[in-house]
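Open the model in your viewer and keep the selection panel at hand. The tour below goes stop by stop.

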Amino acid sequence: MRGYPDEAVDMAQGAYDRTHRRAAPRVLAFAKLVEARAHARLGDARCAAAALVSSERLLEQADAEPGDEPAWISYYTPARMAADAVEIHRDLGLPAAALRWNNRAAPMVQSAYTRSVGLHMTVLATSHLQNRDLDQALAHGQRAVTILSHVRSTDYLVGVVRAMAPWRRDPRVTDLSHLTHRAIVPSTTETAR
């Protein structure tokens, strides 16, 4: 979405509308997932929920009636949808729902999905912050820093530290903030080279 959720909604709806008679259900399900994520970024809970329900139904159809679908979309499973639903509900400020969806998400193998695991840890950290659970947020935040410092994904890390602002005087938050800063500075200087 890169900061343009309005355009992401239009693009996802356009992709769905133009291909809904020809594309495989799993591909259509992914278009609806992208739409749900964009609506969530815009704070539109009703539209996000409708798109997520459509994605879930299309995934059920894809699993019930396997057919011709492109190999590139095989990763999009109900467990993957659940992982994205965590972020959707976090963006909507619904931490209890986000954490319930997390229980449905299959754990990803860090060695195979390093960046995705790290980003998911940041989403969990901020979901726990919304739920006022600093201990869990710190645990996920520290794991995210460890993982993401190796893959140059700093935006999500900065988001976790910003979300911890109400607890900035807590020494554990200060430690995480310093750890994050140390991870980000080498990453950004390497990118600038």
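How are H3 and H4 oriented to each other, roughly parallel or roughly antiparallel? Select helix H3 (45-64) and helix H4 (residues 78-91). This is a predicted model. The two helices pack at an angle of about 175°, and their axes are 11 Å apart. H3 and H4 are therefore roughly antiparallel to each other.

Now show the side chains of this pair. From H3, pick Ala-48, Leu-52, Ser-55, Glu-56, Leu-59 and Asp-63. Their partners in H4 are Pro-78, Met-81, Ala-85, Ile-88 and His-89. Colour the H3 and H4 contact by class: seven residues are nonpolar, two polar and two charged.

The axes of H2 and H3 come within 8 Å and cross at roughly 165°. That crossing angle makes H2 roughly antiparallel to H3, because angles over 145 degrees count as such. The crossing of H2 and H3 is left-handed. The H2 side of the contact includes Pro-25, Leu-28, Leu-33, Ala-36 and His-39. The H3 side includes Cys-47, Ala-48, Leu-52, Leu-59 and Asp-63. By class, the contact of H2 with H3 has 13 nonpolar, four polar and four charged residues.

Stop at His-39 in helix H2. Is this residue buried or exposed? His-39 has 6% relative accessibility, so it counts as buried. Beyond residues up to four places away in sequence, its contacts are Val-9, Gln-13, Asp-44, Cys-47 and Ala-48.

**Then: H2 against H4**

On the H2 side, select Leu-33, Ala-36, Arg-37, Ala-40 and Arg-41. On the H4 side, select Met-81, Asp-84, Glu-87, Ile-88 and Asp-91. Colour by class again: five residues of the H2 and H4 contact are nonpolar, none polar and five charged.

**The core**

Widen the view to the largest nonpolar core, which has 46 residues. Which of them have the most contacts inside it? Select Leu-52, Tyr-76, Met-81, Ile-88, Trp-101 and Met-164. H2, H3 and H4 are among the elements that give two or more residues to this core. So are helix H5 (95-104), helix H6 (114-130), helix H7 (134-148), helix H8 (155-163) and helix H9 (171-192).

Centre on Trp-101. Leave aside neighbours within four places in sequence. Trp-101 is then in contact with Leu-52, Glu-56, Met-81, Ala-82, Ala-85, Val-86 and His-89.

**On to Arg-104**

Arg-104 lies in helix H5. Its relative accessibility is 46%, so Arg-104 counts as partly exposed. With neighbours within four places in sequence left out, Arg-104 is in contact with Glu-56, Ala-79, Met-81 and Ala-82. Draw a distance from Arg-104 to Ser-177. The C-alpha atoms are 30 Å apart in space, and the two residues are 73 apart in sequence.

**Last stop: a loop**

Go to the loop between H6 and H7 and select Arg-132. What is there to check in its backbone? Arg-132 is not a glycine, yet it has a positive phi of about 65°. Most residues other than glycine have a negative phi.

Conventions: Residues are numbered from 1 along each chain as its sequence is written. This is a predicted model: local features need pLDDT of at least 70, side-chain atom pairs count only at pLDDT 80 or more; totals for chains, interfaces and linings use all residues. Side-chain values use heavy atoms; hydrogens and water are left out. Axes are lines fitted to C-alpha atoms, for helices over the stretch in contact, and angles run from 0 to 180 degrees between N-to-C directions. Helices (H or I, at least four residues) and strands (E, at least two) are DSSP runs, numbered from the N terminus. Contact means heavy atoms within 4.5 Å. Ala, Val, Leu, Ile, Met, Phe, Trp, Tyr, Cys and Pro count as nonpolar, Asp, Glu, Lys and Arg as charged, and the others, Gly among them, as polar. A nonpolar core is a set of buried Ala, Val, Leu, Ile, Met, Phe, Trp, Tyr and Cys residues joined through side-chain atoms within 4.5 Å. Buried means under 20% relative accessible area, exposed over 50%, partly exposed in between (1.4 Å probe, protein chains only). Angles under 35 degrees count as roughly parallel, over 145 as roughly antiparallel, 65 to 115 as roughly perpendicular and the rest as oblique. A crossing is left-handed if the near helix is turned anticlockwise from the far one by less than a right angle, and right-handed if clockwise.
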